[in-house]
Amino acid sequence: LFIDMPRVANKTDMNESIIKQGLDELASKDLDLKTGLDLVGYPEPRIRPQGFESLLTIILGQQISTEAASSIRKRLDEVWAEKTCQSFLGLNDETLRRVGFSRRKIEYSKGIAQSIADGTLDIAQLSGMSDKDVVEQLVKLRGIGVWSAEIYSMFSLRRLDIFPADDLALQESLRILKGLKERPSAQQCRELIRHWSPWRSIGALFLWKYYRGAPDERGDSEE
């Protein structure tokens, strides 16, 4: 932590007041972020429950649009009443294909459900682990890479100092925010926002909002 930092909230917090606290602190040390914050304002909290359902949501959202993932999820809810890994394992593959799952996502989702059901992954214990250990545990699951593990850490475990640097929207948003000619790599992103610690999750929330609302180089708005 920075010596002059205010008390940082418990890692179970990610509410509006914490988001404002974090971004105000970041704006005081990063002029580009301050300018962007004045332009688009504070982002809304994104909070998901812990457990299999949130991991499943992450799997569903991989490599498809938000709208497509939402449509699949709505159809899934019609056939999946009891939101447990055991009941999900009871859905046959044909049902899941009709809902919109690809064969690969069926494989990944059922593999994760089985790992939780048989105790290979004790998902309840993740909340007591360090950020690094959470990612190391989750990437052992097929279908869960570093990005997915970091998203779960941010939104379900509500960790405040995570930055999913492989996220293309974050990379592009940071390019615009910093006035870069080319989209920075994941490693370059980590270097550019290193001084955002211990609020990097809050900074990522802001960048997603900035990506949707910031003017582009022509001065137009995407929204």
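Let's start with D161 and R200, whose side chains meet in a salt bridge, 2.9 Å from N to O. This pair links distant parts of the chain: D161 sits in the loop between α9 (146-155) and α10, while R200 belongs to helix α12 (residues 200-213), and 39 residues separate them. R200 is partly exposed, because its relative accessible area is 22% and buried would need under 20%. Please keep in mind, as we go, that this is a predicted model.

Why do such pairs form at all? Side chains of opposite charge can pair when their charged atoms come close. And how many salt bridges are there here? The count comes to 18, and I'll pick out a few.

K178 and D32 make another one, with their closest N and O atoms 3.3 Å apart. Again, distant parts of the chain are linked: K178 is in helix α10 (residues 168-178) and D32 is in helix α2 (residues 31-40), 146 residues apart. D32 counts as partly exposed, since its relative accessible area is 32%.

K20 forms a salt bridge with D24, and here the closest N and O atoms are 2.8 Å apart. Both residues lie in helix α1 (residues 16-29), four residues apart, which is about one turn of the helix.

Next, have a look at R175, back in helix α10. Is R175 buried or exposed? R175 is buried, because its relative accessible area is 11%, and the cut-off for buried is under 20%. The side chain of R175 makes a polar contact with the side chain of E172, at 2.7 Å.

Let's turn to the empty spaces. Rolling a probe the size of a water molecule over the atoms shows where empty space is left. The largest pocket holds about 620 Å³ of space. It is lined by 19 residues, and the closest to its centre are R48, G61, T66, A69 and W147. Which helices supply at least two residues each to this lining? They are α3 (52-61), α4 (66-79) and α9. By class, the lining has eight nonpolar, seven polar and four charged residues.

The second largest pocket has about 210 Å³ of space. Its lining is made up of W147, D166, D167, L168, A169, W208, Y211 and R212.

Helices α10 and α12 each give at least two residues to the lining of the second largest pocket. Which one gives the most? That is α12, with three residues. By class, this lining has five nonpolar, no polar and three charged residues.

Conventions: Residues numbered from 1 in each chain as written. Predicted model: local features only at pLDDT ≥ 70, side-chain atom pairs only at ≥ 80, totals over all residues. Heavy atoms only, no water. Salt bridge = Lys/Arg side-chain N within 4 Å of Asp/Glu carboxyl O. Buried < 20%, exposed > 50% of the residue type's maximum accessible area, 1.4 Å probe, protein only. Polar contact = N/O pair within 3.5 Å; in protein donor to acceptor, adjacent residues only side chain to side chain. 1 Å grid on protein atoms, 1.4 Å probe; cavity = no way out; pocket = protein on both sides within 12 Å on 5 of 7 lines; lining within 4 Å. Points joined across faces, edges and corners; volume = space filled by probe spheres on them. Nonpolar A, V, L, I, M, F, W, Y, C, P; charged D, E, K, R; others polar.
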